[in-house]
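This report examines a single protein chain through selected local features. Please consult the sequence and the structure shown below while reading.

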Amino acid sequence: MIATRSAELPRTLFSEEHALLRETARRFCEREIAPYHAQWEAQGQVSREVWRKAGAAGLLCMALPEEYGGSDLDFRASVVLIEELAKINASGPGFSLQSDIVAPYILHYGSDEQKRTWLPKLASGEVISAIAMTEPGTGSDLQAVATRAERDGDGYAITGAKTFITNGVLADLIIVVAKTDASAGSRGISLFLVERHMPGFHGAPALKKLGLHAQDTAEFTMDRVKVPASAMLGAPGMGFKMLMSELAQERMSISVSAVASAEAGLAATIAYVRDREAFGKRVLDFQNTRFTLARLKAQIAMARAFVDRCVEALVEGKLDAATAAMAKLETTELQFRALDACLQLHGGYGYMQEYPIAKAWADARVQRIYGGSNEIMLEIIGRTLEG
Ligand SMILES: Cc1cc2nc3c(=O)[nH]c(=O)nc-3n(C[C@H](O)[C@H](O)[C@H](O)COP(=O)(O)OP(=O)(O)OC[C@H]3O[C@@H](n4cnc5c(N)ncnc54)[C@H](O)[C@@H]3O)c2cc1C
């Protein structure tokens, strides 16, 4: 094990292999993402090309077995990429959603045919994917989804509307949450692999958002989209259980990005206040500035240690839902608090789009909402209070 620099304590999460991977990821971000991100923000989506390039560089689905196009690594490899993307505030590419959320569902619950068909294409970036739980009428309350999948000959006909779907414009393949038995509560929910080109699938342009301008978050409707029975992921009625078991990893990817983003915001702000002068001295020399930044530095160091420990537990298969919820809750609150304080220390320039801190602040706001809102995280943690 080698240690890499954290705010204070050396990190023990990574090996030599991760250090090399970080170098690859950093170079990829520098060459293939940073120069294009502003253009993608104006277009409301990233290019398909960057997905293929990420696949070719071996940066997608790294935790998949080699037989499916992965690198046989584990979630720590994703941590490296998520951190490098967050460092440059590259909030457009939805790589983590594909690598850390969609691919694991197919790997863990897919049939051999589903795995052989989809996983290599997800790893190469040839196929872009999404997961659609949220609907216009329900988000937090997953059991209330209204999308239904009715038996239709040998397969199912799916009808319903989904919204706020990450990668929703570019996605070729979408895991859709639908009810196969409306009377069975959570046991009536199933997951389906739906393809965009299927008749009855109606996509829409990217939604206009407060931040994440390069991310193609979108809504879509399905009007009796016919899928074969083989498009179901796992068994009928198992959807809710599958969703619950995979959410911890989604929450860790959010937590990892939150800490890295807060750290990047802090570094950018230290650089800014060292140069900026007011009342004849550097802004860094005001005690208020140093105390604000010192407190953030301490809080980020603590958050990083907790998140690293959670990642270790996740890799060992030992991370429970409540602990993942604690990480998601506290890191996203910290990220927003940190970036808000950092923006304040930039004065008026902090409010200008051309300053990265302004974009980072706007992008960070949603971290407290998606992946399960932070109120839902409190609910999950709250359930453990009485043992
Ligand atoms: C940019 C973006 C990307 C997203 N990507 C995806 C995606 O890829 N796939 C996907 O399926 N969804 C995605 N979402 C949706 C996201 O997960 C939901 O918005 C989120 O779960 C909240 O659901 P909601 O918007 O319906 O809010 P609601 O559920 O209506 O909640 C409204 C408010 O009530 C609170 N609340 C709800 N229930 C409780 C409770 N029991 N106790 C206390 N407070 C409660 C919430 O915390 C919130 O503050 C995305 C959203 C955004 C904005």
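The sections that follow treat a pocket, a helix and a group of strands in a predicted model.

## The second largest pocket

The second largest pocket contains about 920 Å³ of space. Its lining comprises 38 residues, and those nearest the centre are Lys87, Glu263, Ala264, Gly265 and Ala267. By residue type, the lining divides into 21 nonpolar, 6 polar and 11 charged residues.

Several helices, including H1 (16-33), H4 (75-87) and H8 (287-315), each supply at least two residues of this lining. Helix H7 makes the largest contribution, with 9 residues.

## Helix H5

Helix H5 covers residues 95-109, a total of 15 residues. From its first C-alpha to its last it reaches 20 Å, close to the expected 21 Å. A bend of about 35 degrees occurs at Ala103, and the proline Pro104 follows within four residues.

Most of H5 is covered, as 12 of its 15 residues are buried. Among them are Phe95, Leu97, Asp100, Ala103 and Pro104.

## Strand S3 and its partners

Strand S3 (residues 155-165) is largely enclosed by the rest of the structure, because 9 of its 11 residues are buried. S3 pairs with strand S2 (residues 148-152) in the antiparallel sense over 5 bridges, and Tyr156 in S3 is the bridge partner of Arg151. The hairpin of S2 and S3 has 2 residues between the strands, and Gly153 takes a positive phi near 60 degrees there.

S3 also runs antiparallel to strand S7 (residues 218-227), to which 7 bridges join it. In this pairing, Ala157 stands opposite Lys226 of S7.

How values were computed
Residues are numbered from 1 along each chain as its sequence is written. This is a predicted model: local features need pLDDT of at least 70, side-chain atom pairs count only at pLDDT 80 or more; totals for chains, interfaces and linings use all residues. Side-chain values use heavy atoms; hydrogens and water are left out. On a 1 Å grid over the protein atoms alone, a cavity is a set of points where a 1.4 Å probe fits but cannot get out, and a pocket is an open set with protein on both sides within 12 Å along at least five of seven lines; lining residues have an atom within 4 Å of a point. Grid points are joined across faces, edges and corners, and a volume is the space filled by probe spheres set on the points. Ala, Val, Leu, Ile, Met, Phe, Trp, Tyr, Cys and Pro count as nonpolar, Asp, Glu, Lys and Arg as charged, and the others, Gly among them, as polar. The expected span of a helix is 1.5 Å times one less than its number of residues. The bend at a residue is the angle between axes fitted to the seven residues ending there and the seven starting there. Buried means under 20% relative accessible area, exposed over 50%, partly exposed in between (1.4 Å probe, protein chains only). Two strands pair if DSSP finds at least two bridges between them.
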